[in-house]
Amino acid sequence: MFKNKAFLITLAIAQAAISQIPSYASSDTLKLRVYPNARNPDGSICPDEVVVDQKARPNIQAAYILDGTAKLSWLADKFKIVTSDEFSVVWVAKLQPKYQNCRAAAGLSSPDRSGTQRHSFLRMQFTEGNVYLILDMTAMYDPNGYMPTILKQDVRDGNPIWSWGGTD
């Protein structure tokens, strides 16, 4: 009986810890809604949304890691990293001709588990014929009150890729 009780307690603690992991940690698809600038030139075309993939790795002891990729050749040429530090990374690419005049911003569009808009750690800016993809850990925190860490930032086949994680 003691073994069963200990197992149930361990299971309850694990479930409580999992519930504290941000809801985007279990997402496979992230949708960034595009909000055009009111001063867009006449005839400019902006996408309605941009979809990127992010998948959680199997949990490791006391941590979670998420791997992301943005396959955006339909939107822009090959990306490159223009700046990065311990808080964020910014990729840039020239917009495809269809979207060259788009001036807009984009951010995560789905609410978190409580139904409120969550902090958009992934954002985009469309300006001057370029698109910027920004992964930003500023103002984010994990269940233990630590800032998540960007573990990898790169470009594969012209597309942004990343990994980030935190403690749980």
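**Disulfide, strand pairing and core**

The link of Cys 46 and Cys 102 is right-handed, with 115 degrees about the S-S bond. Cys 46 lies in the loop between S1 and S2 and Cys 102 in the loop between S5 and S6, so the pair ties together parts 56 residues apart in sequence. The sulfur atoms of this disulfide are 2.1 Å apart. The count is one disulfide, defined as a pair of cysteine sulfur atoms within 2.5 Å. Both cysteines are buried (under 20% relative accessible area, 1.4 Å probe, protein chains only).

The model is predicted: local features need pLDDT of at least 70, side-chain atom pairs count only at pLDDT 80 or more, and totals for chains, interfaces and linings use all residues. Residues are numbered from 1 along each chain as its sequence is written, and side-chain values use heavy atoms, without hydrogens or water.

Strands are DSSP runs (E, at least two residues), numbered from the N terminus. They pair if DSSP finds at least two bridges between them. S1 (residues 29–36) pairs with S2 (residues 49–56) in the antiparallel sense over five bridges. Here Thr 29 has Asp 53 of S2 as its bridge partner. S1 also runs antiparallel to S6 (residues 104–108), again joined by five bridges. Tyr 35 stands opposite Ala 105 in S6.

The largest nonpolar core holds 34 residues, of which Met 124, Phe 126 and Leu 135 touch the most other members. Such a core is a set of buried Ala, Val, Leu, Ile, Met, Phe, Trp, Tyr and Cys residues joined through side-chain atoms within 4.5 Å. Beyond four places in sequence, the contacts (heavy atoms within 4.5 Å) of Phe 126 include Val 34, Val 50, Cys 102 and Ala 105.

Note on methods: Helices (H or I, at least four residues) and strands (E, at least two) are DSSP runs, numbered from the N terminus. Buried means under 20% relative accessible area, exposed over 50%, partly exposed in between (1.4 Å probe, protein chains only).
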